[in-house]
There are 4 protein chains.
Amino acid sequence: MVAERVLVTGFEPYGGRGLNPAGEIARTLHGRRVAGADIVGRTLPVSFSRLRHAIETLMAETAPLVALGIGLWPGEPVIRIERLAINLADFEIADNEGAMLADAALHASGPAALAATVPLRRIESELLQAGIPARLSATAGTFLCNACLHALLRTAGTGPRAPLCGFIHVPYLPAQVAALLQANRQEARLELHQRADLASLDLETAVRAVEIAAAVSVEAARGA
Amino acid sequence: MVAERVLVTGFEPYGGRGLNPAGEIARTLHGRRVAGADIVGRTLPVSFSRLRHAIETLMAETAPLVALGIGLWPGEPVIRIERLAINLADFEIADNEGAMLADAALHASGPAALAATVPLRRIESELLQAGIPARLSATAGTFLCNACLHALLRTAGTGPRAPLCGFIHVPYLPAQVAALLQANRQEARLELHQRADLASLDLETAVRAVEIAAAVSVEAARGA
Amino acid sequence: MVAERVLVTGFEPYGGRGLNPAGEIARTLHGRRVAGADIVGRTLPVSFSRLRHAIETLMAETAPLVALGIGLWPGEPVIRIERLAINLADFEIADNEGAMLADAALHASGPAALAATVPLRRIESELLQAGIPARLSATAGTFLCNACLHALLRTAGTGPRAPLCGFIHVPYLPAQVAALLQANRQEARLELHQRADLASLDLETAVRAVEIAAAVSVEAARGA
Amino acid sequence: MVAERVLVTGFEPYGGRGLNPAGEIARTLHGRRVAGADIVGRTLPVSFSRLRHAIETLMAETAPLVALGIGLWPGEPVIRIERLAINLADFEIADNEGAMLADAALHASGPAALAATVPLRRIESELLQAGIPARLSATAGTFLCNACLHALLRTAGTGPRAPLCGFIHVPYLPAQVAALLQANRQEARLELHQRADLASLDLETAVRAVEIAAAVSVEAARGA
């Protein structure tokens with residue numbers, strides 16, 4: 001009997017930061033089991049030109065029951081479960097290869113958006129029940145996180161055996177905000193009341209959140 | 001009979017901005033009359049080394065019944081009436097002469113704080129009554145706005161004929177946020193959700209707010 | 001020769017508020033001309049059950065070149081131009097008839113989202129150029145504003161002569177925040193630092209923003 | 001030889017919440033040793049009428065080298081080290097006995113403010129160095145947290161052997177925000193974008209922050 005797998009992707013650091021909690025979460029979860037399935041944790045490049053191919057390869061290699069993308073949303077205070085990916089790339093900052101897409105379609109002839117297929121409301125309920133702050137979100141932005149969910153859903157397709165796909169935005173880690181506060185002071189460029197990105201969540205809680213989301217999704221995938 | 005005067009000070013631009021609503025307010029109000037008193041509007045330098053002397057000179061020249069300092073608080077969404085000035089200068093960004101004070105006392109042997117002497121609660125009530133969003137605040141920060149209120153109160157002294165002194169923080173003007181959004185996009189350095197300073201208030205409303213605060217304070221000064 | 005028309009809709013008050021800036025904007029613009037077209041301003045009910053029919057009727061009656069929905073987003077500090085409407089109704093507060101939809105599709109067999117057809121980036125540029133703070137947004141929420149844009153786009157259809165449709169979220173009016181601050185104090189239930197909805201924009205600027213958006217869209221519609 | 005003591009106070013729950021992280025921190029730290037001193041953790045009533053006497057009693061009983069008050073600031077995303085207490089009580093919500101003070105002095109003939117005596121900047125540096133997000137603050141508000149710091153400083157006095165006193169505001173615990181999100185949904189009264197209080201920090205990090213602050217302060221007290 002072949003083991004069932006959950007793919008958890010997290011991005012490498014970007015935007016001048018030395019760390020990305022999303023990548024840490026994927027690394028931490030790699031090799032763990034949830035609801036009887038094996039987690040395969042993988043780091044994704046913050047590169048628009050390589051992202052889609054990387055996701056297609058990972059999906060082909062792991063043939064997962066569930067695929068969860070994880071990404072950082074600077075300033076977000078809670079676990080944020082994305083409802084959908086839109087067919088758009090529009091960057092506010094460059095990716096790690098210097099690409100700055102503007103108002104570009106992800107899929108030239110594709111629909112305006114693709115809806116996440118993991119059980120959103122059940123994930124939210126289970127997280128809140130576990131004392132983990134979480135909310136559903138109607139936008140995954142227009143940067144690589146949105147492109148990741150879009151690529152996961154597009155690659156997964158829509159058949160009865162299609163893997164369930166979702167995306168979770170996580171806050172900074174506390175240590176990142178500490179570093180940001182130090183850098184802000186050294187740069188002496190913005191006053192603190194100009195910054196909205198001081199919220200954080202500890203790695204352990206974020207990891208537990210993704211674990212719960214994965215377990216709930218595996219059960220939904222089996223039930224389907 | 002000598003005319004009664006209200007001194008309204010506003011700062012010149014700082015922090016790389018081309019405009020300071022506080023200076024605009026002082027300029028706009030100069031020459032107007034409120035509650036039978038003449039407004040003298042003056043612009044102050046964003047210079048720690050020159051601030052106190054500039055205020056002492058203005059107070060001596062105008063011998064005002066009421067003195068109101070006005071300053072910008074980036075990100076503040078409403079009219080903010082300061083309760084007190086603390087005996088501290090600690091800068092997050094440099095002033096216009098490059099000075100970066102850290103944990104410095106404004107008055108070596110002075111008390112920890114000086115309380116504003118304008119009728120705070122009455123100003124708040126009148127503003128809200130006029131449909132202008134306003135709140136009392138327990139901190140004027142640790143930059144030049146706080147130093148301005150401190151210098152006003154210190155110069156005014158505490159005698160029965162001492163001018164009533166206060167400080168009002170105002171939001172950005174809408175056009176400043178428009179410029180900030182354009183600059184943010186060109187710099188491609190911060191994502192918008194990292195910024196907390198997108199609120200604004202139109203100049204006309206801000207001017208009316210200071211006019212109301214001045215009128216209420218003049219009446220209080222006469223009643224005293 | 002038949003006059004070209006722009007339909008501008010704004011909602012009636014909701015959520016316990018006595019006023020809705022969106023409705024005020026529609027009322028103010030009614031009868032004005034932009035770029036040679038006549039604005040028809042209409043108020044929409046905050047009623048999920050009646051919304052779609054109301055929009056279909058207005059679209060049939062006015063046969064507009066451009067249709068712009070306007071709505072309030074409490075706490076939003078700038079003019080917010082929506083990129084798309086998602087196929088979802090999920091309410092955090094009840095509509096004016098007490099309806100509380102949860103995870104409901106707007107169009108049972110429809111796509112996950114419909115993209116706005118007005119020239120988004122040109123509207124943003126023109127607004128910033130005019131000194132009006134504005135940004136594009138990837139979510140119109142999941143309440144009636146999103147449903148309004150969805151119904152506009154669905155009714156408009158996709159033919160070459162389909163009216164261009166868009167949605168603009170506006171901040172509170174300053175007087176609304178003043179009322180909110182008074183109510184907050186009377187209720188004594190939330191501390192001010194718990195509230196994120198203190199930003200506002202004056203009616204005149206909001207009206208001008210919608211006028212500019214309408215003019216830019218009319219030109220785009222003609223050019224198509 | 002008598003043991004040196006550090007008094008750490010935290011408040012009981014208030015404002016309709018079932019838990020107060022400040023009280024949890026005091027309880028958790030009770031009995032631990034930092035820098036060779038014994039921590040005495042105590043819970044304070046959220047009662048203006050009883051607060052000052054409770055603090056005087058605790059100070060007399062423990063004769064501490066250092067006294068640190070801890071309090072919750074809903075919405076605060078980081079550890080916040082207060083610079084001073086102002087001579088004012090002005091409540092936005094009632095205390096646990098229903099008291100609603102308005103513009104009341106804490107000390108009728110006292111100065112406008114009392115400055116914290118713990119080594120503020122060193123505490124901030126050590127916390128950031130330890131990867132804990134922290135900032136200095138120029139306002140402890142006008143509720144019981146400010147009153148607590150005021151009472152600590154007033155009771156401590158100013159002699160060479162006076163205990164060093166400070167106050168630290170902490171964010172919500174993650175589980176509190178989870179409960180808040182559940183309650184917000186059930187109440188269906190505020191939309192989430194109206195709320196600014198979704199940030200949190202895990203108990204372990206908050207406890208470590210207070211421990212570090214205590215250790216740094218004990219060393220400063222001995223060095224004095």
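**Figure 1. Buried area between chain A and chain D in the predicted model.** The area buried between chain A and chain D comes to about 1800 Å², and carbon and sulfur atoms give 63% of that area. On the chain A side, Leu128(A), Leu181(A) and Gln182(A) lose the most area to chain D, and together these residues account for 21% of what that side buries. The contact draws 24 residues from chain A and 24 residues from chain D. Between these two chains the count of salt bridges is zero, while two residue pairs are in polar contact, both at pLDDT 80 or more.

**Figure 2. Elements of chain A that face chain D.** At least two residues each are supplied to the side of chain A that touches chain D by α3 (120-129), β8 (134-137) and α5 (174-187) of chain A. The largest share of that side, seven residues, belongs to α5(A). Sorted by residue class, the side of chain A that touches chain D holds 15 nonpolar, four polar and five charged residues.

**Figure 3. The interface of chain B and chain A.** Chain B and chain A bury about 2100 Å² between them, with 44% of this area on carbon and sulfur atoms. Of the area that chain B buries against chain A, 30% is supplied by Glu92(B), His193(B) and Gln194(B), which is more than any other three residues supply. The contact involves 21 residues from chain B and 21 residues from chain A. Four salt bridges are found across the interface of chain B and chain A; in the salt bridge that Arg185(B) forms with Asp90(A), the closest N and O atoms are 3.5 Å apart. Ten residue pairs are in polar contact between chain B and chain A, both at pLDDT 80 or more, and the side of chain B that touches chain A divides into ten nonpolar, two polar and nine charged residues.

**Figure 4. A cluster of aromatic rings in chain A.** Over all chains the count comes to twelve aromatic pairs. The ring centres of Tyr14(A) and Phe143(A) are 5.8 Å apart and their planes stand at 45°, so this pair is tilted. Tyr14(A) belongs to the loop between β1 (5-11) and α1 (21-29) of chain A, and Phe143(A) to the loop between β8 and α4 (144-156) of chain A, so the pair ties together parts that are 129 residues apart in sequence. Tyr14(A) and Phe143(A) are both buried. For Phe91(A) and Phe143(A), the ring centres are 4.7 Å apart and the planes are at 80°, so the pair is edge-to-face. Because Phe91(A) lies in the loop between β6 (84-86) and β7 (113-115) of chain A, and Phe143(A) in the loop between β8 and α4 of chain A, this pair ties together parts that are 52 residues apart in sequence. Phe91(A), like Phe143(A), is buried. Ring pairs link Tyr14(A), Phe91(A) and Phe143(A), together with Phe48(A), into a cluster.

**Figure 5. The surroundings of Ala94(A).** Ala94(A) lies in the loop between β6 and β7 of chain A and is partly exposed, with a relative accessible area of 28%. When its neighbours within four places in sequence are left aside, Ala94(A) is in contact with Ala99(A), Met100(A) and Phe143(A). The C-alpha atoms of Ala94(A) and Leu44(A) are separated by 16 Å, and these two residues are 50 residues apart along the chain.

Notes
Residues are numbered from 1 along each chain as its sequence is written. Chains are lettered from A and ligands numbered from 1 in the order in which they are written. This is a predicted model: local features need pLDDT of at least 70, side-chain atom pairs count only at pLDDT 80 or more; totals for chains, interfaces and linings use all residues. Side-chain values use heavy atoms; hydrogens and water are left out. Contact means heavy atoms within 4.5 Å. Buried area is the accessible area (1.4 Å probe) that two parts lose on being put together, summed over both. A salt bridge is a side-chain nitrogen of Lys or Arg within 4 Å of a carboxyl oxygen of Asp or Glu. A polar contact is a pair of N or O atoms within 3.5 Å; within protein, one must be able to donate a hydrogen and the other to accept it, and residues adjacent in sequence count only if both atoms are side-chain atoms. Helices (H or I, at least four residues) and strands (E, at least two) are DSSP runs, numbered from the N terminus. Ala, Val, Leu, Ile, Met, Phe, Trp, Tyr, Cys and Pro count as nonpolar, Asp, Glu, Lys and Arg as charged, and the others, Gly among them, as polar. Rings of Phe, Tyr and Trp (its six-membered ring) pair if their centres lie within 6.5 Å; planes under 30 degrees apart count as stacked, over 60 as edge-to-face and the rest as tilted. Buried means under 20% relative accessible area, exposed over 50%, partly exposed in between (1.4 Å probe, protein chains only).
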